[in-house]
Amino acid sequence: LRKEVEPVGPAVLARLVTSWQGLVRRRTGLDALLDVVENLQGAPLPASILETEILPARIEGYSPGDLDALAAAGEVVWRGVEPVGDRDGRIAIYLTDHIGRLWRPAAPPQLSEREQAILSHLEGHGASFFAPLHDAAGGGYPGETVDALWDLVWKGILTNDTFHALRAFTRAPVRRGRKKGRAAGPFRSRRVAPPSAEGRWSLLAERVPAPPSDTQWSTAMAQQLLS
């Protein structure tokens, strides 16, 4: 039995990992995409290559619309881990019902006046679009509110119910998967929000009403790392 768990060479480990991650035989469909999200939960992923390299390497014919559909259905949630340069950052993705045991809100960091105003509005009104957040922050130049939103994202305080803002922030190219049948054509948004502030913003801590204990968190993380 002990021989069955002996260390293996790098080549053997590489074969195992690529197969385990679904890189050898890619799958299709939303169920497969949910499996990929479950497998990658909590891993710090560069946002700029999430939909151009990471997900397409695992999902045959990956389309951003699939991830949007899962987000709209409340199946997937993302959080900011840390910024990387001016237009990129590492994010973590989770199944919505799993984030409560895999992530614990950190102590509130120091916030600017505009960031605090945004936070206060969300605490009092719940998930909101850009316009009311901009008004609550004192109005003025919209770019200042956009910057405040993304500062709050990288501090682990805010998330968005779509991936549109994340794509616009990183200026990541959108890779379209092939779809059968006629698809609706593109449209020009009539909203006044900048592209990197689209969608509804909400407090990430609301997804974790009862933070896990140290034991619960470490056990869940150990199980996730094994997965």
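Two strands count as paired if DSSP finds at least two bridges between them. Strands (E, at least two residues) and helices (H or I, at least four) are DSSP runs, numbered from the N terminus. The model is predicted: local features need pLDDT of at least 70, side-chain atom pairs count only at pLDDT 80 or more, and totals for chains, interfaces and linings use all residues. Residues are numbered from 1 along each chain as its sequence is written, and side-chain values use heavy atoms, with hydrogens and water left out.

The open sheet has three strands in the order β1-β3-β2, with antiparallel pairing. β1 (45-46) and β2 (76-83) are the edge strands; each has a single partner, so one side of each is left without a neighbour in the sheet. Helix α2 (residues 30-40) packs on this sheet and touches β1, β2 and β3, where contact means heavy atoms within 4.5 Å. The direction of α2 makes about 115 degrees with that of β3; axes are lines fitted to C-alpha atoms, for helices over the stretch in contact, and angles run from 0 to 180 degrees between N-to-C directions.

β3 (residues 89-95) pairs with β2 over seven bridges, and two bridges join β1 to β3.

| Residue | Opposite residue in β3 |
|---|---|
| Arg79 | Ala92 |

Six of the seven residues of β3 are buried, meaning under 20% relative accessible area (1.4 Å probe, protein chains only). The β2-β3 hairpin has five residues between its strands, and Gly85 there takes a positive phi near 70 degrees.

Elsewhere, helix α8 (residues 142-154) is followed by Gly156, with a positive phi near 75 degrees. Buried residues of α8 include Trp150 and Trp154.

Technical notes
Buried means under 20% relative accessible area, exposed over 50%, partly exposed in between (1.4 Å probe, protein chains only).
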